[in-house]
Amino acid sequence: MSTSGDSQEPNNDQKQAPLIEHLIELRSRLMRAVIAILVIFLGLYAFSNDIYLFVAEPLMALLPPGSQMIATEVASPFLAPFKLTLVTALFIAVPFVLHQAWSFIAPGLYDNEKALAVPILVSSILLFYAGAAFAYYVVFPLLFAFFTQAGPDNITVMTDINQYLNFVLKLFFAFGVAFEIPVATFLLILSGATTVESLSQKRPYIILGCFVIGMVLTPPDVISQSLLAVPMYLLYEVGLLFGRLVRKRRAEKAAEEPGEE
């Protein structure tokens, strides 16, 4: 009895050892990511007010003469730039954070999975940045021009800095995530969860879904909804295109293999 018990204890220890090693490595990766965000934040904190003015520029440029942004809460002049700087640090550190995540999971992947995962990871980062840039340089000027001109003539626009920050961060996130559609579409096709033909037949529902998402994630006006919905649909078509290319490449490779044998 004691012999069998002694033989089981080392087996349990052997099973727990890899788990403990993985948890230690995960903690190490998380600590590196947090430290990177803090270092970037500390480097940017001295410019927190400048960063806020940069983000507020699309609205400030359209305000009528004599108008300005205001702070309706006592701590808003400090907390709004502080919050934006922290989000900016996270935004800049995304490649490093994802690299830490990749370094943690890469040893468990096959070579063909690694070869496919790297382009997907890089394209996801670039698309998210592209979505945020599209929101700032295209959507914000059109959106704020509409808002500032739509009100009565006797109303002076004086936007609260905290409310403005929450508004633009929501749009940054919405457009950043929306620009990930090609990657999501490609992964669905690659995994076999659906096919290019099936997704092509569902275009009317996709278009409707894009406008519904635009209605939920953006302010209740046709301009901002369309500015999100139209790029989402175009990016969906890009995902279908890459899905077709991969399927064609796989078919050609499968046709060549019998000949090689």
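A residue is called buried at under 20% relative accessible area, exposed at over 50% and partly exposed in between, with a 1.4 Å probe and protein chains only. By that rule isoleucine 181, at 17% relative accessibility, counts as buried. This is a predicted model, in which local features need pLDDT of at least 70 and side-chain atom pairs count only at pLDDT 80 or more, while totals for chains, interfaces and linings use all residues. Residues are numbered from 1 along each chain as its sequence is written, and side-chain values use heavy atoms, with hydrogens and water left out.

**Overall make-up**

- The protein has 9 helices and 0 strands; helices (H or I, at least four residues) and strands (E, at least two) are DSSP runs, numbered from the N terminus.
- Read from the N terminus, the order of elements is α-α-α-α-α-α-α-α-α.
- Of the 261 residues, 32% count as buried.
- Among contacts (heavy atoms within 4.5 Å) with a separation of 6 or more, 85% join residues 24 or more positions apart.

**Aromatic pairs**

- The structure holds 17 aromatic pairs; rings of Phe, Tyr and Trp (its six-membered ring) pair if their centres lie within 6.5 Å, and planes under 30 degrees apart count as stacked, over 60 as edge-to-face and the rest as tilted.
- One of these pairs is phenylalanine 41 with phenylalanine 82, which is edge-to-face at 5.2 Å centre to centre and 75° between the planes.
- That pair links distant parts of the chain, with phenylalanine 41 in helix α1 (residues 2-45) and phenylalanine 82 in helix α3 (residues 76-105), 41 residues apart.
- Phenylalanine 41 is buried, at a relative accessible area of 9%, whereas phenylalanine 82 is partly exposed at 28%.
- Phenylalanine 140 and phenylalanine 172 form a tilted pair, with 5.2 Å centre to centre and 55° between the planes.
- Phenylalanine 140 lies in helix α4 (residues 111-150) and phenylalanine 172 in helix α5 (residues 161-178), so this pair ties together parts 32 residues apart in sequence.
- Both phenylalanine 140 and phenylalanine 172 are buried.
- These two residues also belong to one aromatic cluster, formed by Tyr52, Phe54, Tyr136, Tyr137, Phe140, Phe144, Tyr164, Phe167 and Phe172.

**Second largest pocket**

- The second largest pocket holds about 480 Å³ of space; grid points are joined across faces, edges and corners, and a volume is the space filled by probe spheres set on the points.
- On a 1 Å grid over the protein atoms alone, a pocket is an open set of points with protein on both sides within 12 Å along at least five of seven lines, a cavity is a set where a 1.4 Å probe fits but cannot get out, and lining residues have an atom within 4 Å of a point.
- Of the 18 residues that line this pocket, Val87, Phe91, Ala132, Leu169 and Phe172 are the closest to its centre.
- Helices α2, α3, α4 and α5 are the elements that give two or more residues to the lining.
- The lining has 17 nonpolar, 1 polar and no charged residues; Ala, Val, Leu, Ile, Met, Phe, Trp, Tyr, Cys and Pro count as nonpolar, Asp, Glu, Lys and Arg as charged, and the others, Gly among them, as polar.

- Serine 48 lies in helix α2 (residues 48-60) and is buried, with a relative accessible area of 9%.
- Apart from neighbours within four places in sequence, serine 48 is in contact with Pro81 and Thr85.
- Asparagine 162, in helix α5, counts as buried at 17% relative accessibility.
- Not counting residues up to four places away in sequence, asparagine 162 touches Tyr52, Glu73, Ser76 and Ala80.

**Helix α6**

- In helix α6 (residues 181-191), the buried residues include Ile181, Pro182, Val183, Thr185, Phe186, Ile189 and Leu190.
- Leaving aside neighbours within four places in sequence, isoleucine 181 contacts Met232, Leu235 and Tyr236.
- The C-alpha atoms of isoleucine 181 and serine 124 are separated by 9.4 Å, and the two residues are 57 apart along the chain.
- Just after α6, glycine 192 takes a positive phi of about 85°.
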